[in-house]
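Subject: Structure handover

Hello,

Here is the structure for you to look at. Please open it first, then read my notes below.

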Amino acid sequence: MKIRDIESERIKNLPIYMFQEINSRKLQLRREGKDIVDFGMGNPDKPPPTPVIEKLKEVLKDPKVHRYSVSKGIFNLRKEIVNWYIKRFGVKLDPEEEAIVCIGSKEGISHLALAIFDKGDVVLVPNPTYPSHLYSAIISGATIYDMPLTKENNFIPDLSQPIYDRFPKPKAMILSYPNNPTTQIVNLDFFKEVVRYAKKNDLIVIHDIAYSEIYFSDECKPHSFLEVDGAKSIGIEFYSLSKTYNMAGWRVGFAVGNKYIIRALAKLKSYYDYGIFTPIQVAAICALRIDEKYIEDVRETYKRRRDVLVEGLNKIGWNVEKPKATMYIWAEIPEKFKKLGSMKFSLYLLENANIAVSPGVGFGKYGEGYVRFALVENENRIKQAIRSLKKIFNS
Ligand SMILES: Cc1ncc(COP(=O)(O)O)c(C=O)c1O
């Protein structure tokens, strides 16, 4: 055995992490003293709700809460998750069998793939997509069929396309709306079609609603796919506290839906972890109960940033649309720079305008031709970025 070949087959062939090059260059420039306006990662910059922090502090003092927790989440948090689903979507769930707490939804999505996919299983994965949707399936040994999300299909997979009926038959389909990175939203009719399609083709559906609370008008208020009759018999949904409550570092997410899928995930997790630190789970209950005003302020902040960024870009000749939801702008690379490709264009912005964005190709090959801005810088910093961009656009 050569120690340098130590990697398992499972990870050896993982594709290179496309954001790595940008990230290392960004760090290097920062160390050289450059002020980089960072729109790269969807890492919220605002504080969590004050009562959530206070609750954490209070619970920490209890000597009983420092032991191992419960892998699938403490019952009271699962009960609160179920209450949240009723309140927000009118969907009824059983906290014992149909809800599980995850160490962030990324952990849940990744372990779910290991729990339900075998080598050779086929998974329909949107492209572009949040990278864990793809890599978790690849690590599990599954084969991927792309579901391209392009301008032509309005970033929504066309389920009537024959590609999805290929042999071998897919076992599962991953979806996520409001969508990262394309920002697209869908209505309930689309989810009805998804459930019909899944039943007809004997597929399970894994839906990720990390951005369900970040929308910019009431007409665009996102739905849960579980609102559709019968959805629970074919799928599950992941949610995250990272974005809505600015708690990305706390690592709290959950999955709800079909009890057999939840059971498989719980089984695998029981071998891997002892659950999130109990005080964090108790504070998460407090987050799910937080006054709607806090979430309205979160939406308002992203909306203002969205407006400053989109209007600023349009003014300098980079035409982009205002997204209806999410904390991102999915911007088609202007004609003048298109031939560079999204990776080189992102590096070019970093070197010449001190701006970090995510190259579209990092989300999958159909993301080529785009870059993603995450709205995690304040309005003044966004204006500073626009001024730097203007110089490049005029040169
Ligand atoms: C679609 C989507 N799902 C899940 C996550 C990760 O969420 P968590 O912090 O709960 O792991 C992200 C983070 O960017 C995301 O964009």
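Helices (H or I, at least four residues) and strands (E, at least two) are DSSP runs, numbered from the N terminus. This is a predicted model, where local features need pLDDT of at least 70, side-chain atom pairs count only at pLDDT 80 or more, and totals for chains, interfaces and linings use all residues. Residues are numbered from 1 along each chain as its sequence is written, and side-chain values use heavy atoms, leaving out hydrogens and water.

Start with Leu112. This residue lies in helix α5 (residues 105-116). Leu112 is buried, with a relative accessible area of 1%. Buried means under 20% relative accessible area, with a 1.4 Å probe and protein chains only. Leu112 touches Ile206, Ile236, Phe238, Ile261 and Leu265, not counting residues up to four places away in sequence. Contact means heavy atoms within 4.5 Å. Leu112 and Ala264 are 152 residues apart in sequence, yet 7.6 Å apart in space, C-alpha to C-alpha.

Next, helix α2. Its buried residues are Ile22, Lys26 and Leu29. Seen down the axis of α2, they fall within an arc of 65°, so they line one face of the helix. The arc is that of the directions from the helix axis to the C-beta atoms. These buried residues pack against β1 (37-38), α13 (341-353), β10 (355-356) and β11 (358-359). Just after α2, Gly33 takes a positive phi of about 95°.

Last, a helix pair. Asn76, Leu77, Glu80, Ile81, Trp84 and Lys87 in α4 meet Gln281, Ala284, Ile285 and Leu288 in α10.

Best wishes

Notes
Buried < 20%, exposed > 50% of the residue type's maximum accessible area, 1.4 Å probe, protein only.
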